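Notebook open, structure loaded. I'll jot down what I look up as I go.

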Amino acid sequence: MNKYLERAFELKDEMVENRRHFHMYPELQNNLPETVKYVRSQLEAMGYEVQEICKCGLVALAGGKKPGKCILIRGDMDALPMPEDTGLPFSSKNDGAMHACGHDFHMSMLLAAAKMLKEHEDEIEGTVKICFQPNEETFGGAKDMIDAGVMENPHVDVAFAIHVGPMADIGTLDFGKGLTMGSADGFEIVVNGKGCHGAAPHRGISPINIGVHIYLALQELLSREVDPAEQCTMTLGSMLFGDGATNVIPSEGRLLGTMRGFNDELIQHLRKRVEEVSDLTAKAYGGSAHVNWLFSSPAMYCDPEFTDDVVRYATDVVGAERMIPKKARATGSEDFAYFGRLVPSQIFWLGAGVDDHSKRISNHNPRVLFSEEALPYGAAVYVQCAIEWLKEHK
Ligand SMILES: [Zn+2]
Ligand SMILES: [Zn+2]
């Protein structure tokens with residue numbers, strides 16, 4: 001058995017304890033005071049000096065005693081704003097928040113990896129930058145850490161991350177090359193009309209009418225202006241108009257949506273068109289509309305050469321039969337993509353599906369379950385990839 005995997009199995013009880021602690025006390029976005037306090041104290045107990053480089057963004061360095069390059073390994077820490085319905089004894093105690101994406105696993109695995117890296121610190125040929133990132137779910141955290149200088153001091157040469165997946169078998173690693181996950185651009189369209197009595201619609205301007213026309217026009221952008229060979233989606237997730245009355249024309253309302261794709265130029269074109277279509281459609285009916293961009297994350301690019309390297313190292317941990325090349329791109333998004341735009345990067349999807357296949361359900365679901373049996377694999381893969389890549393790239 002791979003020596004780091006063997007050690008990770010020894011650390012499994014500790015990893016489970018940490019994971020359950022994080023699971024019970026989920027926090028959101030970059031408002032993670034208790035999570036950060038816990039992670040920091042664990043790292044400090046291992047002998048790390050921990051830096052908070054931006055709000056709730058932690059960095060610790062391993063190695064640095066021998067010359068060499070720098071690999072960044074990242075775990076995200078935020079939960080989702082949703083109630084939990086798993087019935088687990090360690091269910092969320094924070095109302096309206098749940099670790100439904102598995103970031104509790106990421107923190108626990110990265111902490112165990114940090115412990116192992118400390119144990120092998122004298123062997124590290126260069127530096128491992130251990131990065132605990134806030135606010136992945138609304139795509140702000142990676143960018144915040146980059147803006148705060150995470151890629152320098154020392155300069156980062158490559159970046160690596162792991163995300164757990166509740167649908168795949170324990171310890172499998174799903175990976176792709178090139179563009180593997182879509183971009184995400186979130187928007188809010190504020191529509192203004194003129195409110196009035198429903199019995200005299202000619203005295204007002206209905207924002208609902210405008211909103212419906214904007215909705216349809218946005219769908220047509222995809223069918224009329226996007227090359228059919230492109231993978232691109234535009235989803236309107238909310239249309240918020242009126243207050244429940246049957247006979248009132250409200251004065252304003254909002255549409256909320258997300259756009260995803262793999263082509264930067266196309267996304268820029270569509271961003272411009274969302275603004276034009278909203279503005280001109282509203283004007284056609286006598287109202288006005290304004291688009292606010294809520295978040296933006298680029299498509300994830302996995303460097304082919306770096307991928308070959310980490311696949312080789314990870315194979316040593318999980319075995320060739322557990323390495324699964326991606327069959328298709330996913331339109332889901334990850335803000336780790338920001339790292340992928342700067343340096344060669346890879347994000348592995350670690351299988352953490354429960355044994356009972358009938359209970360497997362995707363992440364972001366209030367009943368999602370992850371198997372803790374996957375924890376040692378994730379921790380060992382982090383360590384193996386970091387130490388081996390540095391050794392081979394002096
Ligand atoms: Zn998520
Ligand atoms: Zn996630």
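Which residues does serine 183 touch, not counting residues up to four places away in sequence? I get Met259, Arg260, Gly261, Ile267, Ser297, Pro298, Ala299 and Ser333, where contact means heavy atoms within 4.5 Å.

Before going on, a note on the source: this is a predicted model, where local features need pLDDT of at least 70, side-chain atom pairs count only at pLDDT 80 or more, and totals for chains, interfaces and linings use all residues. Residues are numbered from 1 along each chain as its sequence is written, chains are lettered from A and ligands numbered from 1 in the order in which they are written, and side-chain values use heavy atoms, with hydrogens and water left out.

**Serine 183, continued.** I place serine 183 in the loop between β7 (178–181) and β8; helices (H or I, at least four residues) and strands (E, at least two) are DSSP runs, numbered from the N terminus. Serine 183 is buried, at 5% relative accessible area. Buried means under 20%, exposed over 50%, partly exposed in between (1.4 Å probe, protein chains only).

**The sheet.** I traced an open sheet of four strands, ordered β10-β12-β8-β13, with antiparallel pairing; two strands pair if DSSP finds at least two bridges between them. The edges are β10 (232–241) and β13 (288–297), each with a single partner strand, so one side of each has no neighbour in the sheet. On average, neighbouring strands here are turned by 20 degrees against each other, direction ignored. Between β10 and β12 (residues 252–261) I find nine bridges, and serine 238 has leucine 256 in β12 as its bridge partner.

**Helices on the sheet.** Helix α6 (residues 207–225) lies across β8 (184–192), β10, β12 and β13, at about 175 degrees to β10. Helix α7 (residues 264–284) lies across β8, β10, β12 and β13 too, at about 160 degrees to β13. Axes are lines fitted to C-alpha atoms, for helices over the stretch in contact, and angles run from 0 to 180 degrees between N-to-C directions.

**Helix α1.** Which residues of α1 (residues 3–10) are buried? I note Tyr4, Leu5 and Ala8. Down the axis of α1, its buried residues fall within an arc of 100 degrees, so they line one face of the helix; the arc is that of the directions from the helix axis to the C-beta atoms. Their cover includes α2 (12–24), α4 (103–119), α8 (304–318) and α10 (375–392).

**α2 and α4.** I get an angle of about 145 degrees for this packing, with the axes 8 Å apart. Residues making the contact include Phe22 of α2 and Leu111 of α4.
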